[in-house]
Amino acid sequence: MITGLSSRTVSSACALCVAGMLALAPTAASAGQRIMEPAPPRPRAAVPQPALLYSSGVQVRPHRGAPALPDVSALSWLVADADTGEVLAAHDAHSKLPPASTLKTLFALTVLPGLPSTMRHTVTPEDLAGIGPGSSLVGIEEGHTYTVADLWRGVFLASGNDAVHVLASLGGGWEATAAKMQTKAHALGALDTHVVSPDGYDAPGQVSSAFDLAIFGRNGLRNPDFARYCSTAVAQFPGDGSSYGIANTNRLLTGANGVEPYPGVIGVKNGYTSNAGNTLVTAARRNGRTLIVTVMNPQAGGGYTVYQEARSLLDWGFGAAGLVDPVGSLDGLRATPRQAPAATPVAAATAVEPDDDSAWPGTLGVAAGTGLAGLGLGTVGLTLRARRKRAHGEEG
């Protein structure tokens, strides 16, 4: 079936077919038949909109006056409305690529609801077994007791694979967690994803797509805890004798390393491995509208190009409001489509979370353009201990 034709093209083609058939049919007079009124045409069933156009290249349906798409070097990307699920534009959005730490969004969707944030756990050696070499670590210590909220901050801010391993242990074990994540992905209509390592660490056969990662980010923002963790810029993490500062590795949120924070940014999760390159799923809210953008493995520039390209796609998406028709839907591949609630409204980047999780009043908005320095917690002031290893350039 050809999915790339517009309804106007289909209608025109049908009209030509009908005209051709009438031209070839014998007339009533030549056939010696009584002239009869032609039967009214049978109504055609509506052709369902495809979940996403699977053809290669860029998919966009602009109206006159729509802004031009930016030049994006990523192997795959997508821009969607987080409230409606409409995909506004995409490039090879179903390409199956290694996701790196952006897969932690699916991990959180799967495990977070079953573990109370105030639950305390003393880490055992078995909890930390099997962490891949070169993994990013938040600094989990054997024998130390952490709350589940501590561990989630380690996952979302420091992208700590050690925190993922402990939470997966609490959630039933490594292999069981991977299986649950796979089931969750399929239930959400994320059919491009194959889970092998729940932390996103490179593993043979582990893939996701820009389409699926947007689904995970969008659904995560509906969970207030997920939204709170993924939008937190800096926090304190328990250590031996005293806590130390950790910062979110999403530069659009913190404004670190020369990357300007994006106005109204929400999070969600970035990633990097030597195999996946840089990956990012992020969201921003402006004028009551929330967009979600996925960028996978930019081919130009350096390590921060992923943020520049995500920024340009967010700018385009906000500028194209009402000037493009959707090319698909993030709900389109669900087995049983249902009306989805709007994404949880979340403002801009958040400040340090309180130590007492129960005291959290909700997501705190910070003025646009406020990064680590604006929070009084510049990179010099943060004690980002040398526990987050980059021995092999791995984060996921």
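A salt bridge is counted here where a side-chain nitrogen of Lys or Arg lies within 4 Å of a carboxyl oxygen of Asp or Glu. By this rule, the structure holds five salt bridges. The model is a predicted one. It describes a protein of 396 residues, of which 51% are buried, with nine helices and twelve strands.

**Overall organisation**

- Among contacts between residues at least 6 apart in sequence, 69% link residues at least 24 apart.
- The accessible surface of the protein amounts to about 17500 Å², and carbon and sulfur atoms account for 57% of that area.

**Nonpolar cores**

- In soluble globular proteins, nonpolar side chains tend to be buried together.
- The largest nonpolar core comprises 62 residues. Those with the most contacts inside this core are Leu-78, Ile-140, Trp-152, Phe-156, Phe-216 and Leu-330.
- Beyond its neighbours within four places in sequence, Leu-78 is in contact with a set of residues that includes Val-87, Ala-89, Ala-90 and Ala-93. Further partners of Leu-78 include Ala-210, Phe-211, Ala-214, Ile-292, Val-293 and Leu-330.
- A second, separate core contains 27 residues, among them Val-72, Ala-233, Leu-253 and Leu-313.

- Helix α3 spans residues 148-156, and nine of its nine residues are buried, so the helix is largely enclosed by the rest of the structure.
- The side chains of Arg-153 and Asp-150 form a salt bridge, with an N to O distance of 3.1 Å. These two residues are three apart in helix α3, which means that about one helical turn separates them.
- Because buried denotes a relative accessible area under 20%, Arg-153 at 3% and Asp-150 at 10% both fall in that class.

- Arg-218 and Asp-331 meet through their side chains in a salt bridge of 3.1 Å, N to O. Arg-218 belongs to helix α6 (residues 210-220) and Asp-331 to the segment after β12 (328-329), so this pair ties together parts that are 113 residues apart in sequence.
- Both partners are buried: Arg-218 has a relative accessible area of 1%, and Asp-331 has one of 13%.
- Asp-225 forms a salt bridge with Arg-228, and the closest N and O atoms are 2.7 Å apart. The two residues are three apart in helix α7 (residues 224-230), a separation of about one helical turn.
- In this pair, Asp-225 is partly exposed, with a relative accessible area of 29%, whereas Arg-228 is buried at 5%.

**Strand β9 and its partners**

- Strand β9 covers residues 277-286. Eight of its ten residues are buried, so the strand is largely enclosed by the rest of the structure.
- Strand β8 (residues 265-273) pairs with β9 in the antiparallel sense over eight bridges, and the two form a hairpin with three residues between them. Within this pairing, Lys-269 stands opposite Val-281 in β9.
- β9 also pairs with strand β10 (residues 289-296) in the antiparallel sense, over eight bridges. Here Ala-283 has Ile-292 in β10 as its bridge partner.
- The hairpin of β9 and β10 has two residues between the strands, and Asn-287 in the turn has a positive phi of about 55°.
- Ile-292, the bridge partner of Ala-283, is also one of the residues in contact with Leu-78.

Terms used
Residues are numbered from 1 along each chain as its sequence is written. This is a predicted model: local features need pLDDT of at least 70, side-chain atom pairs count only at pLDDT 80 or more; totals for chains, interfaces and linings use all residues. Side-chain values use heavy atoms; hydrogens and water are left out. A nonpolar core is a set of buried Ala, Val, Leu, Ile, Met, Phe, Trp, Tyr and Cys residues joined through side-chain atoms within 4.5 Å. Buried means under 20% relative accessible area, exposed over 50%, partly exposed in between (1.4 Å probe, protein chains only). Contact means heavy atoms within 4.5 Å. Helices (H or I, at least four residues) and strands (E, at least two) are DSSP runs, numbered from the N terminus. Accessible areas come from the Shrake-Rupley method with a 1.4 Å probe; for residues, only the protein chains shown count as cover. Two strands pair if DSSP finds at least two bridges between them.
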